[in-house]
Amino acid sequence: VARACRAVLRDVFGYDTFRGLQHDIITHVAAGGDAVVLMPTGGGKSLCYQIPAIVRQRAGLGTTLVVSPLIALMHDQVGALREVGVEAAYLNSSLSADEAAAVERRLMRGELTLLYAAPERIVTPRFLARLQVLHEAGRLALLAIDEAHCVSQWGHDFRPEYRELAVLPERFAGVPRIALTATADALTRADIVAHLRLQQARTFVASFDRPNIRYTIVEKRDSLRQLQRFLRREHGAPGAHDSGIVYCQSRRKVEEVAARLAAVGWRALPYHAGLDAATRQRHQDRFLREDGLIMVATVAFGMGIDKPDVRFVAHLDLPKNIEAYYQET
């Protein structure tokens, strides 16, 4: 198994060596073990289920189902997998009924190595029945639960539909499972283990230290002026500045700050749940594609965004708690 995992790392993803705990996690899961994985953002979590998925599929064990709460994350990951020649697809609300039906047909024909789906779709009786057919045919290789802190009300991003994933070990006994998160204190971790029935799983905890991130906290006095001073001093003049994210607590403040920055020459866009989906998608796409863009956002933005040159994250309001602050930074 270890040799097969290393071959996939090299031949599919183009890396020579595993990082940190990746080797132990990947070989354990590829061999059929259950795992709970805590690894900081940027630590290479997705390879921890993608490589076992490919190895198990090549061994004739079928498709891996990945539970993901985020449409943006699904799009990014499926696009990246297809680029390296892995058969992957997603099922979420961005697809038409016809498109979703086509993906399901590919799933049932055994054409997919990985299928990403939202938790609320997975727990529908109709979809569970499809998984049951695969399971009985020995073609359900692995269940990966990404952003697993969503299962816990102690987590910073509780999603009630994640609770219903407890049905998976009941219905599909013997299918290995891996739950992954970047942020979970002891309480959240205990909740993940209890609700997802992962008592027998091995737990892997990587260090949360990110030596490349520097924190500065100052007393708030006229936050907009302070923000502009910080931007000029550390990240370039208006129009020729670094990419970054500015977090605000309310939608109204997001709009106000984005407009004020734009008015004096900063390239700034707003992002919050009150904007229509097309605008949010357009702003997100621009942030990913363009250099020197500042996204002014509520916490609706950021999770699952993969952009290598984000140079600052500024909070104009206090986050809910330390865990949320860590996740956002």
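The paragraphs below take the sheets and then the packed helices in turn.

This is a predicted model, in which local features need pLDDT of at least 70 and side-chain atom pairs count only at pLDDT 80 or more, while totals for chains, interfaces and linings use all residues. Residues are numbered from 1 along each chain as its sequence is written, and side-chain values use heavy atoms, with hydrogens and water left out.

Helices (H or I, at least four residues) and strands (E, at least two) are DSSP runs, numbered from the N terminus. Strands of a sheet pair through backbone hydrogen bonds, either parallel or antiparallel. Two strands are taken to pair if DSSP finds at least two bridges between them.

Strand β4 (residues 114-117) pairs in the parallel sense with β3 (residues 88-91) over 4 bridges, and Leu91 has Ala117 as its bridge partner in β4. β4 also pairs in the parallel sense with β2 (residues 63-67), over 4 bridges; here Thr64 has Leu114 as its bridge partner. In a regular strand the side chains alternate between the two faces of the sheet. In β4, Leu114 and Tyr116 point one way, Leu115 and Ala117 point the other way, and all are buried (under 20% relative accessible area, with exposed over 50% and partly exposed in between, using a 1.4 Å probe and protein chains only).

β2 is also joined to β5 (residues 140-145), by 5 bridges, and the two run parallel. Val66 stands opposite Ala144 in β5. Contact means heavy atoms within 4.5 Å.

Another open sheet has 4 strands, ordered β9-β10-β8-β11, again with parallel pairing. At the edges are β9 (268-271) and β11 (310-315), each with a single partner strand, so one side of each is left without a neighbour in the sheet. Strand β8 (residues 243-247) runs parallel to β11 and is joined to it by 5 bridges, with Val313 as the bridge partner of Ile245. Helix α13 (residues 277-289) packs on the sheet, touching β8, β9, β10 and β11, and its direction makes about 135° with that of β9. Helix α12 lies across β9 and β10 (294-297) and runs at about 170° to β9.

Two packed helices are described by the angle between their axes and the distance between the axes. For α11 (residues 223-235) and α12 (residues 251-263), the angle is about 50° and the axes are 11 Å apart. That makes α11 oblique to α12, because angles under 35 degrees count as roughly parallel, over 145 as roughly antiparallel, 65 to 115 as roughly perpendicular and the rest as oblique. Among the residues that meet are Leu224, Leu227 and Leu231 in α11, and Val257 and Leu261 in α12.

Helices α2 (residues 22-30) and α3 (residues 47-58) have axes that come within 9 Å and cross at roughly 40°. The residues that meet include Ile25, Ile26 and Val29 in α2, and Ile51 and Val55 in α3.

Methods. Axes are lines fitted to C-alpha atoms, for helices over the stretch in contact, and angles run from 0 to 180 degrees between N-to-C directions.
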